[in-house]
Amino acid sequence: MKTLEELENFYKTNLLPELLELEERRKKLLKKYFVIALGPICIVAVGIFILTKYLNLISEIIFFVLAPCVIATVVICIFITRGYVRDFKILVIDQIVRFIDENLTYYQSRFIPRSVFVASQIFKTKPNRYKGDDYVNGKIGDTQIQFSEIDAKYESGSGKNRSVKTVFKGLFFIADFNKNFKGQTIVLPDAAEKLFGHFGKLLQSWNLVRDQLISLEDPEFEKLFVVYGSDQVEARYILSTSLMKRIIDFREKTNRNMYLSFVGSKVFVAVPYTRNLFEPRIFKTVVDFEPIKEYYEDLLLAVGIVDDLNLNTRIWSKN
Amino acid sequence: MWFAIIIAVLVILFVIFLYNALIAKKNQVINVFGSIDALLKKRYDLIPKLITTVKQYMKHERELLEKITELRAKAVSGQISDDQKVDLENKIAKVLGGIMVAVENYPDLKANQNFLQLQGSMNEVEEQISAARRAYNAAVTDYNNAVEMFPTNILASMMQYKLKKVFEIPDEQRRDIDAEKLFGT
């Protein structure tokens with residue numbers, strides 16, 4: 001495990017030169033934004049002037065002039081930002097990943113495939129709008145891991161009835177689990193029990209979409225999570241008393257409603273985030289240590305799951 | 001008139017629902033107990049393999065090995081009552097634990113591939129037995145709840161369902177295995 005001091009040294013020696021270069025590009029980017037916006041602003045100003053003074057066609061035509069200009073500006077800005085973001089990630093994020101562990105590889109535009117996301121069985125809604133980025137894979141000790149950011153949405157209806165529901169947005173992590181098992185066990189954050197107590201448990205056991213309800217002995221765990229599984233004994237084999245405690249501790253560490261599943265001898269962990277991770281700043285300076293620390297901590301959270309869940313302890317028949 | 005009939009039908013349906021729930025809980029207990037039995041058999045099957053692997057190295061542990069062979073023979077003989085079974089189980093677990101502790105004194109054995117694989121399998125089966133015990137206790141608790149809580153307790157007493165016992169870990173096992181005691185100085 002690297003210390004914060006080591007990270008600071010790494011920041012000063014390896015990252016700072018790249019960051020200074022990127023800072024120059026960022027400033028140029030902002031200038032470009034300004035210039036690009038300038039054009040439409042002039043057009044709009046002149047347009048409004050002409051239209052109101054000479055033609056008296058205020059509302060609709062202003063709309064027809066204003067809106068396309070704004071949209072065009074925004075689209076062009078997004079387009080030119082992409083190059084900057086991509087280069088930032090390749091130069092900075094990639095280095096931080098390898099700093100954390102030499103055996104990890106970073107791919108800026110790859111992400112966990114949708115088929116794998118669905119195979120985890122965590123989310124019952126199959127997303128039809130699926131994207132992601134910032135993919136990392138490699139081996140931590142004896143454990144093979146991969147993770148990426150995922151933005152999965154479900155869009156239904158069309159035209160006026162269109163509604164877009166977020167299935168999951170955040171960090172999606174997969175690792176080899178240290179025990180062999182045949183079926184599946186799903187651990188979800190427990191809303192019903194918090195609200196309804198004993199009656200909530202009854203409702204949960206009537207769930208038609210999921211496997212059978214698994215009631216575990218750890219009361220703290222039960223308060224936080226609800227577990228469904230294909231086999232009562234296997235679920236308890238996977239969720240040993242020590243693993244349950246570790247999951248509770250991890251949840252406290254992240255302070256987010258995480259989801260886990262154990263399928264196909266792998267463990268899947270989904271940690272929701274509302275913000276985008278690993279994105280470079282555009283409107284603030286990128287040279288600071290602060291954002292680097294944040295990227296590092298976000299990556300460390302994912303990589304740390306291996307130790308947090310004790311996945312490198314391989315004393316059973318799986319190696 | 002119709003109202004009364006509908007109420008009567010609903011009540012009957014409700015009773016059927018409760019009746020089936022009780023039966024399901026009772027059967028779940030039997031089901032999980034079956035899993036425990038199956039896992040215990042898995043453990044018994046591993047013991048002879050353990051003995052052959054360990055015998056050549058652990059020249060000083062002859063007593064322990066003989067003990068486990070004897071206990072295992074008793075367990076698979078099938079001529080013991082349920083209570084004796086549980087008692088036997090605890091004894092076997094203790095002796096197995098003792099053997100695993102004794103292995104620490106034989107570095108050659110510890111590095112042996114066969115042994116390591118065997119150790120992995122044994123750890124696995126022990127954890128699975130532990131998981132099955134927990135599942136059994138959960139099933140029994142669920143069943144006991146139904147037998148004691150209203151309204152299923154009425155049905156339960158009519159069907160003469162009694163409370164069942166959960167698996168308890170005997171105090172002996174709760175205390176840390178005293179290796180010296182086990183070796184019997």
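Two strands are taken to pair where DSSP finds at least two bridges between them. In the predicted model described here, strand β5 (residues 184-189) of chain A is joined by 5 bridges to strand β7 (residues 225-229) of chain A, and the two run antiparallel. Within this pair, L188(A) has V226(A) of β7(A) as its bridge partner.

The predictor assigns the complex an ipTM of 0.79 and a pTM of 0.83. For chain B, the mean pLDDT is 81, with 89% of the residues reaching 70 or more. Residues 172-185 of chain B have pLDDT below 50, and this stretch makes 14 contacts in the model beyond near neighbours in sequence. Between the chains, contact involves 10 residues of chain A and 13 residues of chain B. On the side of chain A that touches chain B, 4 residues are nonpolar, 4 are polar and 2 are charged.

Chain A comprises 319 residues, of which 30% count as buried. Its secondary structure consists of 8 helices and 9 strands. Along the principal axes, the C-alpha atoms of chain A fill a box of roughly 80 × 55 × 30 Å. Among the contacts of chain A between residues at least 6 apart in sequence, 70% link residues at least 24 apart.

Chain A is divided into domain 1, spanning residues 4-100, and domain 2, spanning residues 104-308. The centres of the two domains of chain A, taken over C-alpha atoms, are separated by 33 Å. Across the boundary, 22 residues of domain 1 of chain A are in contact with 20 residues of domain 2 of chain A. On the side of domain 1 of chain A that touches domain 2 of chain A, the elements giving two or more residues are α1 and α2 (59-100) of chain A. The largest share of this side, 12 residues, is supplied by α2(A). By class, the side of domain 1 of chain A that touches domain 2 of chain A contains 14 nonpolar, 1 polar and 7 charged residues.

Helix α1 of chain A covers residues 4-55 and includes L20(A). Because L20(A) has 11 C-beta neighbours inside 10 Å, this residue counts as exposed, the limit for that class being 12 or fewer. The C-alpha atom of L20(A) is separated by 9.6 Å from that of T285(A), although the two residues are 265 residues apart along the chain.

The strands of chain A are arranged in an open sheet of 9 strands with antiparallel pairing, in the order β1-β2-β3-β4-β9-β8-β5-β7-β6. Strands β1 (104-107) and β6 (212-214) of chain A stand at the edges; each has a single partner strand, so one side of each is left without a neighbour in the sheet. From one strand to the next, the twist averages 20°.

Strand β3 (residues 143-156) of chain A and strand β4 (residues 163-176) of chain A run antiparallel and are joined by 12 bridges. In this pair, A152(A) is opposite F168(A) of β4(A). Helix α8 (residues 289-308) of chain A packs on the sheet, where it touches β2 (129-140), β3, β4 and β9 of chain A. The direction of α8(A) makes about 50° with that of β4(A).

Strand β8 (residues 259-263) of chain A is mostly covered, with 4 of its 5 residues buried. In the sheet order, β8 of chain A is placed between β9 and β5. With β5(A), β8(A) pairs in the antiparallel sense over 4 bridges, and I186(A) has S261(A) of β8(A) as its bridge partner. With strand β9 (residues 266-272) of chain A, β8(A) forms 5 bridges, again in an antiparallel arrangement. Here L260(A) stands opposite V269(A) of β9(A). The hairpin of β8(A) and β9(A) has 2 residues between the strands, and G264(A) adopts a positive phi near 55° in this hairpin.

Terms used. Residues numbered from 1 in each chain as written. Chains lettered and ligands numbered in written order. Predicted model: local features only at pLDDT ≥ 70, side-chain atom pairs only at ≥ 80, totals over all residues. Contact = placed C-beta atoms within 7 Å. Nonpolar A, V, L, I, M, F, W, Y, C, P; charged D, E, K, R; others polar. Buried ≥ 20, exposed ≤ 12 C-beta atoms within 10 Å, placed from the backbone. Axes fitted to C-alpha atoms, helices over the stretch in contact; angles between N-to-C directions. Domains from an automatic or database assignment. pLDDT = per-residue confidence, 0-100.
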